[in-house]
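Hi,

Here's the structure we talked about, ready for you to open up and click through.

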Amino acid sequence: MWTPEQRGRMARIARKTKRYPSDLTDEEWERIAPLMPAPGRRGRPREVEFREVINAVRYLVRSGCGWRMLPIHFGHWRTVYGWFRELARRFLFQTIHDVELMLDRERAGREASPTAAVIDSQSVKAPSAATRGYDAGKKIVGRKRHIAVDTDGRLLMVNLTPADISDSAGAQAILDAIRKRWPWVKHLFADGAYDRLKLMDKAAYLDFIVEIVRRRDDGQGFEILPRRWVVERTFGWMIRWRRLVRDYERRIDGSHAMILVAMGGNLIRRNAHS
């Protein structure tokens with residue numbers, strides 16, 4: 001439940017949006033406008049407004065509608081989809097997310113680059129995916145999201161695989177990516193599914209310390225486990241953006257970009273209206 005102060009804050013933000021709660025406010029747009037691609041020197045002048053493109057993508061991910069069901073005032077859906085693919089190819093959504101993540105950490109009094117992370121996975125149905133797998137444990141046909149978050153729940157890395165890929169196998173790609181993008185991370189927290197010899201050997205080779213957080217032997221019923229609840233909360237934040245409840249994208253890069261749109265949107269709003 002939100003406190004009266006939080007409800008009042010969200011109401012003030014809602015009054016600043018143009019049409020929909022997912023629209024960028026002026027303060028949010030000012031933060032990301034300098035990152036937009038510059039117009040080309042040749043050819044006809046660009047007619048598209050990047051603010052409307054970002055608003056359209058955020059609307060789609062937040063509401064869970066299909067591309068063809070975008071409100072017409074955003075422009076033709078093919079134009080929005082084309083620019084979404086182009087901006088994802090340029091790693092714009094990744095850049096926005098990572099910049100806002102570091103700024104949010106500094107705002108919270110932490111170092112910009114984290115030193116510890118929590119890893120976990122989530123299987124979701126993927127009815128349109130080009131390649132799917134069957135997760136026998138969750139009884140889901142679809143994709144698996146292997147993620148790493150910092151100790152406050154901010155998304156550091158995501159690796160998408162067919163759902164039949166084990167947690168430890170998917171985490172190996174996470175380790176490689178974290179070492180390149182977040183080089184100061186040394187300590188990793190995980191559950192018992194990651195206690196595998198191959199993963200532990202790779203973690204030791206990459207100079208990681210992996211701490212397995214297990215349930216107590218005498219524990220009964222629901223139990224909040226240290227560190228592990230943080231990554232579960234991140235999954236909760238993620239699926240509040242309804243397009244991410246399932247994975248509707250055929251291509252993995254499109255699905256990856258939508259996750260960054262959602263998690264980056266949370267950080268932008270938090271930083272712009274702190």
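Which residues line the largest cavity? Before you go looking, bear in mind that this is a predicted model. The lining is made up of L24, I32, I54, R58, F93, I96, L260, V261, G264, G265 and I268. About 90 Å³ of space sits inside that cavity, and the structure has four cavities of 30 Å³ or more. If you wonder how such gaps get found, rolling a probe the size of a water molecule over the atoms shows where empty space is left.

Now for the domains. The chain splits into domain 1, covering 4–34 + 48–90, and domain 2, covering 113–216 + 225–243. Their C-alpha centres are 28 Å apart.

How many residues of each domain are in contact with the other? Nine from domain 1 meet four from domain 2. On the domain 1 side that touches domain 2, you'll find four nonpolar, three polar and two charged residues.

As for what goes on across that interface, zero salt bridges turned up between domain 1 and domain 2, but five residue pairs are in polar contact there, both partners at pLDDT 80 or more.

Cheers

Conventions: Residues are numbered from 1 along each chain as its sequence is written. This is a predicted model: local features need pLDDT of at least 70, side-chain atom pairs count only at pLDDT 80 or more; totals for chains, interfaces and linings use all residues. Side-chain values use heavy atoms; hydrogens and water are left out. Domain bounds come from an automatic or database domain assignment. Contact means heavy atoms within 4.5 Å. A salt bridge is a side-chain nitrogen of Lys or Arg within 4 Å of a carboxyl oxygen of Asp or Glu. A polar contact is a pair of N or O atoms within 3.5 Å; within protein, one must be able to donate a hydrogen and the other to accept it, and residues adjacent in sequence count only if both atoms are side-chain atoms. Ala, Val, Leu, Ile, Met, Phe, Trp, Tyr, Cys and Pro count as nonpolar, Asp, Glu, Lys and Arg as charged, and the others, Gly among them, as polar. On a 1 Å grid over the protein atoms alone, a cavity is a set of points where a 1.4 Å probe fits but cannot get out, and a pocket is an open set with protein on both sides within 12 Å along at least five of seven lines; lining residues have an atom within 4 Å of a point. Grid points are joined across faces, edges and corners, and a volume is the space filled by probe spheres set on the points.
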